[in-house]
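Hi,

Here is the structure I promised to pass along.

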Amino acid sequence: MLALPKISIVRLAVDVRRLSAFSGASLAIAAATPPLCAQDSLSYTTALTTWIALPANPGYEEQATERITSATRGWTRDPMGNLVRRVGSGTPRRVLACGIDEPGYAVSEITDAGYLRVHGAGTARRHPLWDQFHEGQRVFVVGHGGDQARYLPGVFGVRSTHLWRRRTAEEAPATLDDLWLDVGAKSRADVAKLGIRLLDPVFREWPAWRYGDYVAGPAAANRAGCAAIAAAAQAGTPAAGQTVYVISSHSRFNFAGLSAVLATLGAVDTVIVIDDALARIGPMLAGPVTVPWSALSRVEVRTTLAMTPRARFAGSLVESIRESDLAELHAQVARLAGLTVTSAPAPVRLSRPWASPPPSVTRDSLSRFADLLGRFADVYAVAGHEAPMRDAIREALPTWARDSAAVDSAGNLVLGMGPDNDTVVFVAHMDEVGFEVTRIARDGTVSLRTRGGFFSSLWEGQTALLHRGDEQIPARDARGCGAARDGGGPLRGVFIPRDSALRKQPPLLTAWFGLDSTMLAAAGVTVGSSVTSYKCSARLADGRFSARSIDDRAGSISLLIALESIERGKLDHRVIFAWSVREEGGLEGAKALAQQFGPSVRRVYAIDTFVSSDSPLESSRFADAPLGDGAVARALDNSGVTPPDDLDRLLRIARTARIPLQIGTTNGGNDGSELARYGAIVDAIGWPLRYSHSPAEVIDLRDIRSLARMIAAVAQAK
């Protein structure tokens with residue numbers, strides 16, 4: 001039996017006796033009634049994660065309602081898609097209703113280049129930063145695979161922060177016009193093959209996110225209302241009269257679905273709607289802001305009331321509700337339904353929601369690259385906190401390399417091979433962008449400083465993870481990546497969103513984990529602890545791949561893959577592979593490497609991202625290296641230039657080995673520049689990347705294959 005937190009029943013903002021008079025019988029509602037406890041081991045927050053995950057655009061609620069009818073009994077679906085259940089008979093007649101659909105996006109255009117544009121679905125009010133909360137984030141499209149719905153992962157693109165250095169970026173918050181959906185397609189025909197059509201719904205891909213004793217997610221409060229109504233509908237018969245439960249469709253179009261149901265019911269004493277679109281004063285039951293069906297001649301309703309559960313960060317993607325408030329809501333809905341049960345209805349858990357499958361599910365010629373990159377990209381290693389990544393790389397090394405690799409005083413992982421002359425160094429960095437804690441307020445709000453350069457707006461109003469040194473993140477499974485589950489991983493929380501904004505970038509980003517400062521300290525959190533956001537890699541269409549921190553996990557695995565092809569016994573010079581730390585924090589690891597090797601290094605190959613303008617969000621004036629056309633010689637960036645003779649040498653090596661290689665100029669620095677100070681020639685080689693330093697980075701796996709081959713060929717060149 002689950003012992004729920006103490007519940008304080010909300011006093012109603014209407015006179016209960018007056019409400020009883022309208023309904024013709026006494027409802028079992030009393031603030032003095034002892035709190036009710038659910039007789040079930042399932043928590044309300046856990047159950048609600050399955051409701052938050054329901055995909056339901058207005059008019060496209062069928063996927064959601066099918067899951068509800070599979071988990072509960074007694075519903076009928078009317079022609080508009082509403083779920084209706086009538087329990088009891090006679091008077092009073094009461095209706096308890098919610099709307100299952102939420103404002104979303106629908107595909108509104110398919111471009112010749114295979115991008116999707118979207119339009120808002122539904123007319124209900126949205127958070128002022130709603131579109132911005134989706135920019136640079138993972139989403140999915142509900143497309144078509146024959147007669148079945150087909151779920152397809154994608155990302156809303158965002159400008160690459162590197163390409164906007166020394167340029168004026170947009171200051172206004174993002175809008176619909178800024179949302180370009182990338183599913184990995186290269187043409188309109190590719191999109192059609194994927195089963196995507198105009199009007200197909202688009203949703204934010206959201207993990208089951210519980211933190212402290214809260215649950216967070218889009219439309220959490222409204223989904224909680226539907227969950228409570230479904231639970232009450234299964235809990236028995238009202239003591240008097242009839243209760244009609246309605247989980248309505250088309251609610252974001254002025255409650256058209258519920259109006260249609262009411263038009264068929266005849267006389268109704270009381271309608272109670274649990275929905276933030278109608279609630280006037282939040283959790284207090286009161287007259288609604290508006291009564292959408294008041295002008296309909298066939299609707300006979302004496303009293304309409306509305307409420308919505310207590311929620312933090314209302315209207316955002318991280319709308320959060322506490323376990324005790326969910327328990328209270330279920331108890332209150334049961335009473336409003338006229339039930340006389342002695343315990344609150346047990347929470348209703350729906351079937352497991354869809355999540356992007358692990359990269360290993362798809363088996364093809366690119367699988368080995370996807371599997372390794374997925375495993376590494378899902379590791380959390382903010383600059384200055386690279387130990388988990390270093391351990392993963394060491395574990396992936398062949399036995400001979402694992403035995404000889406060393407960690408230097410800075411934390412770099414260094415592997416040498418070949419005779420001790422004419423040294424060349426290949427370096428990729430292990431760290432990723434993120435945050436560190438700078439201050440912990442008494443209520444547990446955490447102030448942050450950035451590690452690396454990125455747009456903070458991409459983290460605002462998203463999931464947050466607070467890392468501790470001894471964490472053990474559960475392995476990925478079909479439900480998603482382990483950081484979203486209990487089991488010794490990082491503390492889960494949310495990046496606090498602004499209520500409104502005139503400027504795109506938040507002046508100060510903070511996070512909250514549902515714990516106060518004393519609890520955080522007891523959990524091992526200190527100033528300097530690293531903070532990130534949930535991530536879970538995914539394969540997109542046609543060899544494309546998306547994750548956060550592809551920069552520079554792709555470079556790191558390319559070194560590992562290249563090791564397989566290098567014949568150490570045939571090397572005529574010293575080759576050093578280095579995985580560096582704190583590149584995002586100012587090339588600190590590379591500085592240590594430069595001091596260690598000094599003038600002995602003849603050439604350094606910085607294996608790092610080529611930030612590409614291969615996106616409709618960017619200008620093709622520079623950085624124009626298309627994804628899928630091969631690795632890129634980063635001939636000119638903000639830290640240096642490749643000498644013409646060396647560039648010609650790289651091209652000769654690529655032609656001889658038949659390796660696709662592009663040449664380009666981009667923004668950003670690289671680790672090689674620190675060794676250049678000691679006389680080393682810098683040849684930077686990378687792969688084209690879209691949407692740099694964002695949660696939505698995208699590459700083509702064929703370019704990783706090209707890069708690994710190029711590293712092996714250059715390492716063995718005379």
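**Notes on the disulfides**

The S-S bond of C481 and C536 has a torsion of about 85°, so this disulfide is right-handed. The two residues sit in loops: C481 between β21 (463–466) and β22 (491–495), and C536 between β24 (530–532) and β25 (538–539), so the bond ties together parts that are 55 residues apart in sequence. From sulfur to sulfur, C481 and C536 are 2.1 Å apart, which makes them a disulfide because the cut-off is 2.5 Å. Both C481 and C536 are buried. Please keep in mind that the model is predicted, and that the values here are computed from it.

How many disulfides are there by this rule? The count is two, and the other one joins C98 to C226, with an S to S distance of 2.1 Å. This pair links distant parts of the chain, 128 residues apart: C98 belongs to strand β3 (residues 93–99) and C226 to helix α6 (residues 220–233). The torsion about the S-S bond of C98 and C226 is about 115°, so this disulfide is right-handed.

Are C98 and C226 buried or exposed? C98 has 0% relative accessibility and therefore counts as buried. C226 is also at 0% relative accessibility, so C226 counts as buried. The cut-off behind that call is under 20% relative accessible area.

Best wishes

Note on methods
Residues are numbered from 1 along each chain as its sequence is written. This is a predicted model: local features need pLDDT of at least 70, side-chain atom pairs count only at pLDDT 80 or more; totals for chains, interfaces and linings use all residues. Side-chain values use heavy atoms; hydrogens and water are left out. Helices (H or I, at least four residues) and strands (E, at least two) are DSSP runs, numbered from the N terminus. Buried means under 20% relative accessible area, exposed over 50%, partly exposed in between (1.4 Å probe, protein chains only).
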